[in-house]
Amino acid sequence: MTEQKALQDYLLRLADSDMILSQRLCELCGKAPAIEEEMAIMNVGLDLVGQARNWYEYAAEQIDDGRDADKLCFLRDALDYRNLLLVEQPNEDYAVTTARQFFFDVWHYFTLKSLVDANDERIANIAAKAVKEATYHLRRSSEWVKRMGDGTEESHRRIQEAFDLLWRFTGELVTPDETDHTMFKAGIGPDPEKLKRDWFGMVREVAAQATLKTGAEDAWMYMGGKSGVHTEHLGFILAEMQFLPRAYPDATTW
Amino acid sequence: MNERGPSSVDLLIASDRAPAKAHPELLTEDAIWALLDNVKDPEVPAVSVIELGIIRALSWDGNHLSVDVTPTYSGCPATELIEELIVEALRAFGIRDSHINRVLTPAWSTDWITDEGREKLRAYGIAPPQGNASKMSLLGTVEVITCPFCDSKHTERISEFGSTACKALYRCRDCLEPFDYFKCI
């Protein structure tokens with residue numbers, strides 16, 4: 001794998017994961033369990049859309065085949081999407097939404113924190129901006145995990161079930177493939193071993209405070225999102241998200 | 001110096017707008033900073049883009065003015081509108097040839113909000129950022145935020161996010177008013 005190919009791939013992973021999680025979060029617009037949470041979720045989603053745009057713009061320049069950020073986002077199909085499987089999982093109840101956000105936020109925070117020192121200036125700049133936002137996201141989601149885990153019998157049961165349900169998608173966050181290794185060697189991506197240690201370290205620390213059990217590190221994991229093999233959910237997300245620009249390709253304002 | 005005749009647009013379209021001043025090159029940089037101090041943040045109209053610290057630099061290249069602007073948050077929906085408002089304010093002042101440079105680095109920090117801006121935020125009912133962004137802790141202590149209405153320190157956070165991404169939602173336990181807190185980043 002050439003470094004250039006790995007870079008394109010890596011940028012799309014960052015962009016797609018932000019975008020798809022943001023799309024999932026916006027499904028809660030108008031129906032979050034509390035108005036404060038609704039505002040929080042919409043703001044987190046907005047941060048992620050903004051970050052996705054920054055990544056897409058850079059990806060478009062690197063891919064350099066005439067497609068711009070919008071085309072990369074709205075005119076690729078599921079097989080070309082490179083997002084983590086975790087972020088395409090349905091919202092379900094609020095415990096699942098929260099657990100998904102927490103697992104993602106820990107990964108996002110440590111990834112961005114490392115990308116701030118990437119020897120690619122553009123990536124470092126986008127990450128320096130994004131990591132400030134991700135810090136708030138992680139603070140919020142970890143506090144909710146603790147509140148639910150150490151809360152009532154029902155909230156504890158639900159967030160534990162959410163942890164158990166989503167655990168099988170977390171391996172992909174910290175299991176490096178060729179792209180991740182190439183990016184690390186190029187001085188851009190995070191050290192895969194360190195990312196894994198950091199991720200498990202923080203997840204276990206917060207889980208302990210929340211009186212929750214986490215799964216085994218070597219549990220069987222679903223993989224594939226980073227290389228375009230998705231769960232059945234992604235197609236439905238894209239169908240909704242991409243409908244307008246596909247139906248009205250010449251539309252410039254909506 | 002430069003001969004700046006009317007642009008082709010002016011020749012073709014009658015306009016009821018005030019005619020542009022003819023000599024933008026005579027404007028000093030100080031005058032432009034002062035001018036931009038009238039452009040308000042559309043989401044927090046109490047403060048100007050200067051007080052918010054998002055205008056990073058001005059530079060002239062002949063008659064062409066570049067304005068470096070940094071967004072507060074990656075996804076801030078007001079970014080485009082703010083950029084349009086700046087260009088509009090410059091045009092109204094006679095600077096027809098300007099463009100906005102969106103810069104991401106160094107990333108915007110609430111430390112750049114001016115003292116005047118902080119006071120205006122407080123008067124507007126938004127608690128200004130407290131402490132220093134570089135010392136923000138991830139999972140540690142919760143800062144003590146002063147109520148912008150009654151100055152009580154007896155406040156509690158309701159949500160990490162308020163009406164916009166840049167604010168958190170608090171409540172004063174003395175005067176019982178809810179209020180926005182401009183977060184430190």
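What share of the contacts in chain A with a separation of 6 or more comes from residues 24 or more positions apart? The figure for chain A is 80%. Keep in mind while browsing these views that the model is predicted.

**View 1. Chain A is built from helices.** Count them up and chain A gives you eleven helices and zero strands. Walk along the sequence and the pattern reads α-α-α-α-α-α-α-α-α-α-α. The C-alpha trace of chain A spans about 55 × 40 × 30 Å along its principal axes. The radius of gyration of chain A is 18 Å, which agrees with the value near 18 Å for a compact globule of 254 residues.

View 2. Of the 254 residues in chain A, 57% are buried. As for charges, chain A carries 29 positive and 44 negative ones.

**View 3. Gln101(A) is a buried residue in a helix.** You'll find Gln101(A) in helix H5 of chain A, which covers residues 94-115. Its relative accessibility is 4%, and buried means under 20%, so Gln101(A) counts as buried. Who does Gln101(A) touch, leaving aside its neighbours within four places in sequence? The contacts are Leu21(A), Leu25(A), Val44(A), Arg140(A) and Ser141(A).

**View 4. Chain B has an open sheet of four strands.** The strand order in this chain B sheet is S4-S7-S6-S5, and the pairing is mixed. At the edges are strand S4 (126-127) and strand S5 (155-159) of chain B, each pairing on one side only. In general, strands of a sheet pair through backbone hydrogen bonds, either parallel or antiparallel. Zoom in on strand S6 (residues 167-172) and strand S7 (residues 178-182) of chain B: they run antiparallel, joined by five bridges. Across this pair, Ala168(B) stands opposite Tyr181(B) in S7(B).

**View 5. Strands S1 and S2 of chain B form a hairpin.** Strand S1 (residues 55-61) and strand S2 (residues 64-69) of chain B pair in the antiparallel sense, with six bridges between them. One spot to look for is Ser59(B), which stands opposite Ser66(B) in S2(B). How many residues lie between the strands in the hairpin of S1(B) and S2(B)? There are two, and Gly62(B) takes a positive phi near 65 degrees in this hairpin.

Key: Residues numbered from 1 in each chain as written. Chains lettered and ligands numbered in written order. Predicted model: local features only at pLDDT ≥ 70, side-chain atom pairs only at ≥ 80, totals over all residues. Heavy atoms only, no water. Rg over C-alpha atoms; globule rule 2.2 N^0.38 Å. Buried < 20%, exposed > 50% of the residue type's maximum accessible area, 1.4 Å probe, protein only. Contact = heavy atoms within 4.5 Å. Lys, Arg positive; Asp, Glu negative; His and termini not counted. Charge placed at Lys NZ, Arg CZ, Asp CG, Glu CD. Pairing = 2+ DSSP bridges.
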